[in-house]
Amino acid sequence: NTNTLFSYRCIRNLGVLIENPEDEPENLVKITKESGDSYLIDLSKMHVNALRPSPEILPLPVHNEQSLNNLPYVKFRVHPNVFPTPAYSNNMWNSENWQFFQTYTGYPTGYRIPNQRELLIMSTRMPADAWKTFYSSNNQNTKPFYMCQTSFSLNGKSPYSSERDGFYWDSSSGNFILQNYRTEKGYVRPIQDVAQ
């Protein structure tokens, strides 16, 4: 209102007792590598309002990034493999766009496509070597995009293209992106909620 610019220095609560200010804050996300390249992600230190209250076996209901279905469950396991299995033929990979994975059912029993927040936690907490590069016989390689189930709340309406359906993660650049074209294709690293 005064045409004057202000800067703000932001803070956050690290959960350290004021009597012990030198203590290291406890990580809210605990990740454990299991057999093979499977990972268990434990969010039990997070506030209950940041979590989905019940585990799911089937795909989550249709939702967008603002929905409660975009919350993670308190514990979930990341499958070691990518679906469908990456294969290279006829000068292309068998990757699929976001829309394809909304009805894809080729995951192992009990596993499903992650929502946006689950994929974001996976992409930021799992080590770099947990995300494979796939190679073809003629030296074509890919460090693929990974799709999630979460759609875009603005429904692609102007000024956005009608093709901005949902979100994915680029494992090569590390960027979390809103799909811009249906030609942007990838795979799914499925998860299963682990009941307490």
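**Entry 1**

I began with helix α1, which lies across β1, β2, β3 and β13 and runs at about 65 degrees to β3. The model I am reading is a predicted one.

Four strands form an open sheet in the order β1-β2-β3-β13, and their pairing is antiparallel. I noted β1 (30–33) and β13 (191–193) as the edge strands, each of which pairs on one side only. From one strand to the next, the twist averages 20 degrees.

**Entry 2. Strand pairs within that sheet**

I went through the neighbouring strands in turn. β1 and β2 pair in the antiparallel sense over 4 bridges, and K33 stands opposite Y39 in β2. The hairpin of these two strands has 5 residues between them, and I recorded that G36 takes a positive phi near 65 degrees there.

β2 and β3 are likewise joined in the antiparallel sense, over 4 bridges. Here D42 stands opposite K75 in β3. For β3 and β13 I recorded antiparallel pairing over 3 bridges, with R77 opposite Q192 in β13.

I also checked which way the side chains of β2 point. Y39 and I41 point one way, L40 and D42 the other way, and all are buried.

**Entry 3. The mixed sheet**

Next I turned to the sheet of 5 strands. This sheet is open, has the order β6-β12-β9-β10-β11, and its pairing is mixed. I asked which strands stand at its edges. They are β6 (96–97) and β11 (176–178); each has a single partner strand, so one side of each is left without a neighbour in the sheet.

β6 pairs with strand β12 (residues 185–187) in the antiparallel sense over 2 bridges. Within this pairing, K185 in β12 is the bridge partner of N97.

I then returned to α1, now with its residue range, 116–125. The helix also lies across β9 (145–151), β10 (166–170) and β11, and it runs at about 150 degrees to β9.

**Entry 4. Nonpolar cores**

I looked up which residues touch the most other members of the largest nonpolar core. They are I41, F76, V78 and M122, in a core of 26 residues. The elements that give two or more residues to this core are β2 (39–42), β3 (75–78), α1, β9 and β10. The largest share, 3 residues, comes from α1.

Leaving aside its neighbours within four places in sequence, F76 is in contact with residues including Y39, L40, I41 and L43. Its list also includes E118, I121 and M122, as well as I191, Q192, D193 and V194.

A second, separate core has 10 residues, F83, F101, Y104 and I113 among them.

**Entry 5. Aromatic pairs**

I counted the aromatic pairs next: the structure holds 11. F100 and Y104 form a tilted pair, at 5.4 Å centre to centre with 35 degrees between the planes. The cut-off for buried is under 20% relative accessible area.

F145 and Y168 form another tilted pair, at 4.6 Å centre to centre with 40 degrees between the planes. This pair links distant parts of the chain, with F145 in strand β9 and Y168 in strand β10, 23 residues apart. F145 is partly exposed at a relative accessible area of 23%, while Y168 is buried at 2%.

I also noted that ring pairs link F83, F100, F101, Y104 and Y107 into a cluster. Of these residues, F83, F101 and Y104 are among the members of the second core.

**Entry 6. A charge over a ring**

Last, I looked up where the charged end of R189 sits. It sits over the ring of W131, 5.1 Å from the centre of that ring.

Conventions
Residues numbered from 1 in each chain as written. Predicted model: local features only at pLDDT ≥ 70, side-chain atom pairs only at ≥ 80, totals over all residues. Heavy atoms only, no water. Pairing = 2+ DSSP bridges. Contact = heavy atoms within 4.5 Å. Axes fitted to C-alpha atoms, helices over the stretch in contact; angles between N-to-C directions. Core = buried A, V, L, I, M, F, W, Y, C linked by side-chain atoms within 4.5 Å. Buried < 20%, exposed > 50% of the residue type's maximum accessible area, 1.4 Å probe, protein only. Phe/Tyr/Trp six-rings, centres within 6.5 Å; stacked < 30°, edge-to-face > 60°. Lys NZ or Arg CZ within 6 Å of the ring centre and 35° of its normal.
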